[in-house]
Each structure stands twice: as structure tokens, then as C-alpha cells.
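Q: I've got a new model open and I'd like to learn how to read it feature by feature. Can we go through it together?

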Amino acid sequence: MKAKAAIRAGLWMPLLLIAALSPAGPAAANGDVTIEGRIDLYIGGLKGAEGDFNGTLAADGTYSARTELRGAGLVRRVYQARVEAEVAGRMEAGDFRPGAYSLSTRFGSDRQEVNVDFNGDRPEVVVAEPPFRPRPWQIAPEAQVGTIDPVTAALFLAIPERAEQVCDRSVEIFDGRRRTRITVRQPRPAFVEGEVICDVTYTRVSGWSPRRLRDATAFDFVMTLRPIGDGMMQPYKLEGDTSVGRAVAILRD
């Protein structure tokens, strides 16, 4: 079950990138802006998961977002896999500052609930149920300065920009236990006229087991963007090789 292995290995986080990548919706009467998207994930050519993302940038400077990734196809028939996460926070001087982040995972009979409270630019309190088992490689949450949660990271990366801005972003992520980095860079023309491709690297930074780090510390993806008008670009496909095979995530229209 390659899709199951991909979800369990933590590869659901870079998939949030494409799950979130949908143009901002029209501003509501109160000035709020919504962002939402749906994806299909293929591993080795077979559909293994599907996901949804929705977020709101409020006129008062607050934001909220929620995402869900679940098994699909054969995976759903033989193995229950689901990841749900949500966050609420504020935007300060152009920066996203998460407040409360929650994560719920289900892999077969294994279930986990994680809640992280952020203070400024760092996580402050992490509560997990059942509690995390102590590990030699675990990291202190309060030491992860300059990080945001995975859902806030997806929202940050989802906001449509001009190609040269979309392909020039980096974000540090803390999910309650591990630190990762997503970097988007190097825009260049795609094969289809008007489209642009960018390189995306997902890096395991710290808090990962030696086995996961032996497996790989970085995963390289290619992101394809299409024009949506007024010089703005919308990513709609993310693909690359992983430890469990070729992964392709496609935005569903």
C-alpha cells in the first residue's frame, strides 16, 4: 500500500501545498476573502488519496483554515487513513501568526489528537492524546522559533501571486513534533504556452527518526502553474519521486 505508506511517512504535508492552491474567491461584502481547493493524489499511477482545503482571510486581520486528506480507491477499501487539521490566527505586518492549531490522524486502528498553541513566532504548548512517546530525537517546541503550522503554511503558499513571486517562497513548519521546510524557487516556462513550472523542495529538518532520515531528508517536486488573469498564476499540479514511488497531486476543477 504505497499511498498508505506515503501518508504515514509525513508526505501529507507537502500535499497541502497543492490542496490549497486555488485562486482566491471573490471578496465578500465585509471584505473577507476565501481560498479553497480539492485534490486527487496518485502514487505509482494509482489514485491513493484525495483532499480538501478551505481558508478565510478576514478583513479584521484574522484568518482560519481547515484541511482534510483521506484514503481513496483501493486504500479506502482496505485501510482507513484520514488526516484533519485546522488553525486560527492573525496576520501581522504581512506575516501569518497562528494561534491555535489542531491535528487529528487516523491510520487503521491508530488515532492521534494533537493541539499546538503558538505565541508570536514560535510554538509554546503542545498537547497530544495519546501522549507522544519520548524519543532521543525529539525537539523542544519552544525552541522552534520562526515556524508556523502546516495549515498556515498551506494558506501562505496558496495566495495567488505573479509567477516570479509564487516561485520565490520558503516556509518553516512545526507540526507539534517535527520541523520541516518547504521551499519554492526557479520559475521557468513550461511546455504548454503561458504555463510556468517551479521547483519545490520538502525538507525534513529535525525531530525525525534516524530511520526516516536514512530514507530521505529532502524530496524534490515540480509544480506547474497556469495563468488566471491579470498576470496572476495558479498552481494546479505537483509531482515528484518519493520513497514510495512517483507521486502526482492534481487540483480538481
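Q: What share of the contacts in the chain with a separation of 6 or more comes from residues 24 or more positions apart?

A: A contact means heavy atoms within 4.5 Å. Here, residues 24 or more positions apart account for 49% of the contacts with a separation of 6 or more. Some ground rules: this is a predicted model, where local features need pLDDT of at least 70 and side-chain atom pairs count only at pLDDT 80 or more, while totals for chains, interfaces and linings use all residues. Residues are numbered from 1 along each chain as its sequence is written, and side-chain values use heavy atoms, with hydrogens and water left out.

Q: How many helices and strands does the chain have?

A: Helices (H or I, at least four residues) and strands (E, at least two) are DSSP runs, numbered from the N terminus. This chain has 5 helices and 13 strands.

Q: What percentage of the residues in the chain is buried?

A: Buried means under 20% relative accessible area, exposed over 50%, and partly exposed in between (1.4 Å probe, protein chains only). Of the 253 residues in the chain, 48% are buried.

Q: Is helix 3 mostly covered or mostly open?

A: Mostly covered: 8 of the 9 residues in helix 3 (150–158) are buried, including Val151, Leu155 and Ala158.

Q: Which residue caps the N-terminal end of helix 3?

A: Think polar contacts: a pair of N or O atoms within 3.5 Å; within protein, one must be able to donate a hydrogen and the other to accept it, and residues adjacent in sequence count only if both atoms are side-chain atoms. The cap is aspartate 149, with a side-chain oxygen 2.9 Å from the backbone nitrogen of valine 151.

Q: Which residues touch the most other members of the largest nonpolar core?

A: A nonpolar core is a set of buried Ala, Val, Leu, Ile, Met, Phe, Trp, Tyr and Cys residues joined through side-chain atoms within 4.5 Å. In this 28-residue core, they are Tyr101, Val151 and Leu155. Helix 3 is among the elements giving two or more residues to this core, as are strand 1 (33–43) and strand 5 (95–107).

Q: Which cysteines does the disulfide join?

A: A disulfide is a pair of cysteine sulfur atoms within 2.5 Å. The structure holds 1, joining cysteine 167 to cysteine 198, S to S 1.5 Å. Cysteine 167 sits in the loop between helix 4 (163–166) and strand 8 (169–174) and cysteine 198 in strand 10 (residues 196–206), so the pair ties together parts 31 residues apart in sequence. Both cysteines are buried.
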